[in-house]
Amino acid sequence: MNLSIQILIALVLSVAVGLGVGPEGLPFINKWIAPIGTIFINFIKMMIVPVVFCSLIVGVTSLGGDSKKLGRISAKTIGLYLCTTAVAIVLGFVVAGIIHPGEGLDIAGKVAPKVKEAPTFMQVLVNMVPTNPVDSMAKAQILPIIVFALFVGVGILSMSFLMILSDNRSLAITLETDSMCYVTVLRKIATATTSATWNEIVYKSLFLVI
């Protein structure tokens, strides 16, 4: 069965399970189903840094020492990352301004969230060069990892080991994703719908479709 169909079925089943068990079934879901989704999310987070790091190094070393081509690709990589980030931020603001997410829902918290001040352009450039690459990897700071991987790739003479990692990581991610993705969807949606009203479900479904 196609993975998209499995996810769609999981969405429908999760709503049915959430409405069926109600608030009384939330402890059971949190105890027995939620850990499966947490393991899946942790797996995805675990693979982000190694995949980005190894893929960039393999890509750089496969250029065969062509410094001009390396410079162009490096500039395009960093530029594409910055552009896609900017586009995502703009789209987020535009969509939020149109559909007003959260309107009509009781989502008020006890403490107001703290909004961080946006860094300046020069600060972004400074933060691109990590003082501690291991710390950047631990915190999943992608831009410093990209820069570090580019520099490491330039100094690598043999790439056989990294090519093995880069070639095999797709198989591992595909196997884990296919087997656990719909279970995670089931857990997330079922947890959210245990105590939700029909109006909240309709509103959230409309927001998800948009």
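**Exercises on a predicted model**

Ile 5 is part of helix H1 (residues 3-21); helices are DSSP runs of H or I with at least four residues, numbered from the N terminus. The model is predicted, so local features need pLDDT of at least 70 and side-chain atom pairs pLDDT 80 or more, while totals for chains, interfaces and linings use all residues. Residue numbers start from 1 along each chain as its sequence is written, and side-chain values use heavy atoms, without hydrogens and water.

**Exercise 1.** Classify Ile 5 as buried, partly exposed or exposed.

*Solution.* Buried means under 20% relative accessible area, exposed over 50%, and partly exposed in between (1.4 Å probe, protein chains only). Ile 5 has 44% relative accessibility, so Ile 5 is partly exposed.

**Exercise 2.** Find the aromatic pair in the whole structure and classify its geometry.

*Solution.* Rings of Phe, Tyr and Trp (its six-membered ring) pair if their centres lie within 6.5 Å; planes under 30 degrees apart are stacked, over 60 edge-to-face, and the rest tilted. The search of the whole structure gives one pair. In that pair, Phe 53 and Phe 148 have ring centres 5.7 Å apart and planes at 15°, so they are stacked. Phe 53 lies in helix H2 (residues 26-61) and Phe 148 in helix H6 (residues 142-155), 95 residues apart, so the pair links distant parts of the chain. Phe 53 is buried at 17% relative accessibility, whereas Phe 148 is partly exposed at 26%.

**Exercise 3.** Describe the backbone and setting of Ala 140.

*Solution.* Ala 140 has a phi near 55°, a positive value in a residue other than glycine. Most residues other than glycine have a negative phi. Ala 140 sits in the loop between helix H5 (133-138) and H6. With 42% relative accessibility, Ala 140 is partly exposed.

Terms used
Helix = DSSP H or I, 4+ residues; strand = E, 2+ residues; numbered from the N terminus.
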